[in-house]
Amino acid sequence: MSRMHFQWDWLCLGVLIISSVTAEIENEENRDTDVEVEDFDKQFEDDDVDKDKSSLEVVYQTPKPTGEVYFTETFDGILDGWVLSKTKKEDTDDNIAKYDGRWEVEELKENTVPGDRGLVLKSMAKHHAISAMLTKPFIFDNKPLIVQYEVNFQEGIDCGGAYIKLLSRSDDLNLEYFFDKTPYTIMFGPDKCGEDYKLHFIFRHKNPKTGEYNEKHAKRPDVDLKKFYSDKKTHLYTLVLKPDDTFEMLIDQSVVSKGSLLEDVVPPVNPPKEIEDPNDKKPDDWDERPKIPDPNAVKPDDWDEDEPSEIEDPDAVKPEGWLDDEPEYILDPNAKKPEDWDEEMDGEWEGPQIPNPKCETVPGCGQWVRPMMNNPNYKGKWKPPMIDNPNYQGIWSPQKISNPDYFEDLHPFEMTSVSAIGLELWSMTSDIYFDNFIICSEKEVADRWAADGWGLKKLVASANEPGMFTQLVTAAEDHPWLWVLYILTLALPVGLGVLFCWPAKKKDEDIDLKKADIPKSISKGELEQEGQELEDDEVELEEEKENKEEIVEDERRDLEETKRELMKETKQMERKDPPSEGEGEGGEDTDEEEENEDGSQEGDKSNKSGSEDEMKEADEGTGSGDGPLKSVRKRRVRKD
């Protein structure tokens, strides 16, 4: 039974390990998104794409908006309406200040959809700037703002961004002079440098009292964004701003961050009502020390501050075999001065030293020094103990005053209108792919647009996914501990096969039990012999039973005979010695008692213990009457 439990434990362990590996691979696609996943499958039901075809047979059609939009761009035709910046970046060296980064319109390098093209940033270590006017300006009133586009880091990304800017509406907006300080209302998109992976959402808020603009940064998503920068797949980035002053950021139709424009941005939109008085200063006599040295403490007389922390161990003894006259290191006898050694330039040449071979087999070489030990008398520098400060006043802080710059904007959604979209980027990696921009107010319009563009790219990429083995290796490269699970998973079938199928060693007890359970073939003569033995056993049992009955009967007779002899002998003694008057009376009582005793003894004839007691009484009463007693003892011995 214990063996079976052990085997089932191994089986359960194998199932758990296989399940964990499978879950790890499946979670590679959806990890780090504790989000509300949109029901995106319904959008594909009416697609014109035949999903049963391979990626090479996909028929691509340029997405078309299905509702009101403020801007769309697929880059499938000519690059119409986009303007390259001709200005320079301020506060930068002249050799890199110019926005001379190159842009191209081309297809994806991998998972290509024939006919589907995008805008590609081609230059590395250069500034890029390109922009286009919206079809119509977006005014923040009672409609949501939805901004959506695709990005593919085809070569990965070392340091650079792929974010967009929604440029603020103004009469003097000139796209040819679009640069980093051009006023914008919203900046949104991925950005990465080193190991810092970001998804920006920044909006510029206008102070209603001063008219100045301040950047407000949404709090960073709690999910890991690394895979979106390294998997070389096309990802869909979506920003949703709602008139109720809330926002959502989505990647691939999954919410990765959401919050309130009033509560989840840094710094807050509304300043505090009270601030610390900048003119308030801490008094000179303000005591912030919670504890102070005890002024009444005195250093003990026996406190010696000059004692060292360590002393030589006086009980240490030099090990036997220590070679005092041998150095620990010697010159290498095989070393030779290099031929190009110049003593005038390099000095006198000295050969390198090597460990003394004579010291390898002994406790040590050179001058022996006693080891150091902690000094038991060491106390260190004396310091008075600390006590509570009676003058402690707490940590000082300046007093609060009303904030002269306080204001309250209850609807930060009402931002400055936008009239253009632009990409102003610096990147150390080339071939960043952008595609399918849309700005609208209806989520259904954006979802349909994504289904016709990004959804088709996702379908092709899924069809071209590597096999299971490649996925396992890739997952193990990111998580090396998976190799342990892989090895255990491969070894489990072999181990379980050995446990369940390999013949186990049989114990002697099991063999004996099995032998006892094995039926044997019995002949007719053996059956008759066994039957005769059973009959003989029954006869013997009956004889033993009869013998026991005879013994009981003999015992009863012996008891009766012994009683009669005892009574007879007693009467004879009474005749020889007649009792006196007083004794006669007592004798009569004795006779009566004996008669009563005889009656009680007759009632307990079958009790052996009672018979033995009576024999003892008879032995004590008769004294010299040995004849009858000897015969009784002989019979008792014989019965025993």
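Asp447 and Lys443 are both buried, where buried means under 20% relative accessible area, exposed over 50% and partly exposed in between (1.4 Å probe, protein chains only). Their side chains meet in a salt bridge, 2.9 Å from N to O; that term stands for a side-chain nitrogen of Lys or Arg within 4 Å of a carboxyl oxygen of Asp or Glu. The two sit four residues apart in helix H5 (residues 443–452), so about one helical turn separates them. Helices here are DSSP runs (H or I, at least four residues), as are strands (E, at least two), numbered from the N terminus.

A quick word on what you're looking at: this is a predicted model, where local features need pLDDT of at least 70 and side-chain atom pairs count only at pLDDT 80 or more, while totals for chains, interfaces and linings use all residues. Residues are numbered from 1 along each chain as its sequence is written, and side-chain values use heavy atoms, leaving out hydrogens and water.

Back to the charges. The structure holds 29 salt bridges. One of them joins Lys143 and Glu68 at 3.3 Å, N to O. Lys143 is in the loop between strands E5 (126–138) and E6 (145–153), and Glu68 is in the loop between helix H1 (2–30) and E1, so this pair ties together parts 75 residues apart in sequence.

Now for Lys109, which pairs with Glu155 in a salt bridge, with the closest N and O atoms 2.8 Å apart. Lys109 lies in the loop between strands E3 (103–106) and E4 (118–121), and Glu155 in the loop between E6 and strand E7 (159–161), 46 residues apart. Lys109 is partly exposed, at 46% relative accessible area.
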